[in-house]
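This report describes one protein chain for a reader new to structures. Please look at the sequence and the model before reading on.

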Amino acid sequence: MRKPRPMLTQKRNLIIFILLALGTVILSSYFYIKKNRDPLSIEIQNGCGEPGLAAQIAQKLYKWDVFAVGNADRYDFEKTVIIARCKKNNRELKRFCAEIGYDPQKVIYHKQENHHIVVTLILGKDYRNYFPQGTSETP
């Protein structure tokens with residue numbers, strides 16, 4: 001039986017160590033991101049009366065968890081409104097606002113425990129400011 005060469009054994013051990021360390025870093029990062037991501041459940045309401053608007057905008061937001069689509073209690077919303085039921089420093093809410101071009105300072109925070117909808121987006125008559133293609137383009 002041949003003795004393994006010490007240099008090859010050291011290289012092999014070093015490679016195994018590096019692979020294990022890399023795997024640990026990748027798994028740790030994955031679980032950190034997963035744990036700190038606070039997914040939004042979004043409800044989209046039509047507040048301007050344009051037929052089918054909420055459903056069409058929901059298609060544009062296919063990357064997000066759009067939980068419900070419907071009409072607002074009235075159709076006279078001049079401005080688009082976001083109502084949030086989460087902490088003010090919610091990263092996902094900030095990301096959502098940035099994606100559609102909504103000023104996070106305008107978000108209305110309404111603390112409501114045990115509510116399955118985290119964000120309500122009420123589309124006002126100015127909805128084209130946030131969705132410039134309107135309702136003609138699909139994702």
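The text below goes from the overall fold to the nonpolar cores and then to one residue in a loop.

The model is predicted. Its chain has 3 helices and 5 strands, and from the N terminus these elements follow the order α-β-α-β-β-α-β-β.

| Item | Value |
|---|---|
| Buried share of the 139 residues | 33% |
| Share of contacts (separation of 6 or more) between residues 24 or more positions apart | 79% |

The largest nonpolar core consists of 26 residues. Ile-44, Leu-61, Ile-82, Leu-93, Phe-96, Ile-100 and Leu-121 have the most contacts inside this core. At least two core residues come from each of β1 (41–46), α2 (53–60), β3, α3 and β5 (119–123). Another core, of 5 residues, lies apart from the largest one, and includes Ala-72, Phe-77, Val-81 and Ile-83.

Which residues does Ile-100 touch, leaving out those up to four places away in sequence? They are Leu-61, Ile-82, Leu-121, Tyr-130 and Phe-131.

Asn-90 sits in the loop between β3 (81–84) and α3 (91–100). Is Asn-90 buried or exposed? Its relative accessible area is 5%, and buried means under 20%, so Asn-90 counts as buried. A polar atom of the Asn-90 side chain is 2.8 Å from the backbone nitrogen of Leu-93. Leu-93 is also among the residues with the most contacts inside the largest nonpolar core.

Notes
Residues are numbered from 1 along each chain as its sequence is written. This is a predicted model: local features need pLDDT of at least 70, side-chain atom pairs count only at pLDDT 80 or more; totals for chains, interfaces and linings use all residues. Side-chain values use heavy atoms; hydrogens and water are left out. Helices (H or I, at least four residues) and strands (E, at least two) are DSSP runs, numbered from the N terminus. Buried means under 20% relative accessible area, exposed over 50%, partly exposed in between (1.4 Å probe, protein chains only). A polar contact is a pair of N or O atoms within 3.5 Å; within protein, one must be able to donate a hydrogen and the other to accept it, and residues adjacent in sequence count only if both atoms are side-chain atoms. Contact means heavy atoms within 4.5 Å. A nonpolar core is a set of buried Ala, Val, Leu, Ile, Met, Phe, Trp, Tyr and Cys residues joined through side-chain atoms within 4.5 Å.
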